[in-house]
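Please look through the sequence and the model together before reading on, and keep both at hand while following the paragraphs below.

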Amino acid sequence: MMANIPTLKYQSQAVAKPYFIAAIGLFIGQIVFGLVMGIQYIYGDFLFPAIPFNVARMVHTNLLIVWLLFGFMGAAYYMVPEESETELYSPKLALLMFWIFLVAGAATVLGYLLVPYAKLAEMTGNNLLATMGREFLEQPLPTKVGIVIVALAMLFNVSMTYLKGRKTTITTVLLLGLWGLALMFLFAFVNPANLVRDKMYWWWVVHLWVEGVWELILAAILAYVLIKTTGVDREVVDKWVYVIIAFALFTGILGTAHHYYFIGLPGYWHLVGNIFSSLEPIPFFLMTMFAFRMVQRRRRDHANQAAVLWAVGCAVLGFLGAGVWGFLHTLSFVNYYTHGSQITASHGHLAFYGAYVLVVIAVISYAMPTLRGRVANSHKAQSVEMWSFWVMSIGMGVMVLALTGAGILQVWLQRMPTSGAMPFMAAQEQMVFFYWMRLWGGVAFLIGLIMYVWSFFIGGVPAEENLGARRGGLMPSPAQRRLKHD
């Protein structure tokens, strides 16, 4: 695992490799179960009773969370030593936590698939501390405890590395996000008997993760990849990052109120939610401007152009998914009709893909060639990888448009009529056309993901690396080459 890799600045960065490999493997599993659910929306008894819909959904959403956490941890183990200009505090601890997390995650998924959920709760001590049964937080108590142990060990490891080395804006923001992620997850252990308080604390985990501290992680990873691939001055990037995270925290924390509209909390949350949820697209718009500005001002062209595409795509699709599609139904008088409909699902899919899936793939695409002893993959491999971006993004676009159409029809049939609203299942039958569209979009997405994995097995001569690239991972831009020639 610690073999001499010539292009790594610090050998302990190699511990990121198994995290990245596990992340992609679990990502494939997530998409497979998503397709199972897509078929079950059309043929309700597909794979029943072996894999009922509720089990497929649990596996799908839990794999999403776990593989993104693997990606975040791998990014931290790769970025922090290089940014801190020192070796990782304990590579052995990082590898130990990798295996613990992987085994715990696999055991949990097998538990979902092989044991009835009520029996699983009984077997894992849910009667001692009731934490199961809530969406996204279905994990048994031992798994939740394991997540806390792994997260704290990782935070100890990277924090000690940070404290003994150089402090940069990127690592500071990354650590703030990771510490916030761990602290917010502790509310997963809080399960009040009062349903209103239960939902409030539940949103402190779910919302303050994806619309709070995860945005700090996103900003740090995106800034790192863009610095490495464009050569823009760090001072310029730092200013953008500070502005983005300030808006993200300001709008994200108070924007939690848009989940309080109809759960029994006081009515003033409607006003707070309307105001600050309307502002939540701002940090994502700033992120889009930031990415394009960095690429336009690049001083050099990096050999790894695929990583640049993933980074810019992350900024654009993150703004569309989290910003535009989020704003579509965030106002209380709109959310009254759309809450819990397929419109919510369309927003969730595009927001997660644009903001978090793409940023993890961006850092993997930048780091994995280096972990394999090169600055960038061959031109052919990068071509396949960039095509995979477009295939996945188009597939996701088809899914999101299909879910949006299904949601509009669902609201019209079930919630808009003043009398004679169509029953839920009758309305579902009217939406089958959109479910077929969503399924074929999912198939295209899986094809794109397979293309991405395949790109790492394509050989050939690595992309052109001159002396400047070998020393700093950067190459002169075409404009600089023309200037030198003139």
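This is a predicted model: local features need pLDDT of at least 70, side-chain atom pairs count only at pLDDT 80 or more; totals for chains, interfaces and linings use all residues.

The paragraphs below walk through some loops, a pair of helices and one further residue.

The loop between helix 2 and helix 3 (91-114) holds Glu 85, a residue that has a positive phi of about 60° although it is not a glycine. Glu 85 counts as partly exposed because its relative accessibility is 48%, a value that falls between the cut-offs of 20% for buried and 50% for exposed.

A positive phi is also found at Phe 136, a residue other than glycine, where the angle is near 70°. Phe 136 belongs to the loop between helix 4 (117-123) and helix 5 (141-164), and with a relative accessible area of 18% Phe 136 is buried.

The next stop is helix 9, which runs over residues 268-279. Its 12 residues, at 1.5 Å a residue, should span 16 Å, and the distance of 17 Å between its end C-alpha atoms agrees with that expectation. Within helix 9 the residues Val 272, Gly 273, Asn 274, Phe 276 and Ser 277 are buried, and the buried residues of this helix pack against helix 8 (234-254), helix 10 (281-296) and helix 12 (332-338).

Helix 10 can be read in the same way. Its 16 residues should span 22 Å at 1.5 Å a residue, and its end C-alpha atoms lie 23 Å apart, which agrees. The buried residues of helix 10 are Pro 281, Pro 283, Phe 284, Leu 286, Met 287, Thr 288, Phe 290, Ala 291, Met 294 and Val 295. What covers them includes helix 7 (195-230), helix 8, helix 9, helix 11 (305-328) and helix 13 (342-371).

The last stop is Leu 446, which is found in helix 16 (residues 432-455). Is this residue, Leu 446, buried or exposed? Leu 446 counts as buried because its relative accessibility is 17%, which is under the cut-off of 20%. Once its neighbours within four places in sequence are left aside, Leu 446 is in contact with Ile 31 and Leu 35. By contrast, Met 123 is 323 residues away from Leu 446 along the chain, and the C-alpha atoms of these two residues are separated by 35 Å.

Notes. Residues are numbered from 1 along each chain as its sequence is written. Side-chain values use heavy atoms; hydrogens and water are left out. Helices (H or I, at least four residues) and strands (E, at least two) are DSSP runs, numbered from the N terminus. The expected span of a helix is 1.5 Å times one less than its number of residues. Buried means under 20% relative accessible area, exposed over 50%, partly exposed in between (1.4 Å probe, protein chains only). Contact means heavy atoms within 4.5 Å.
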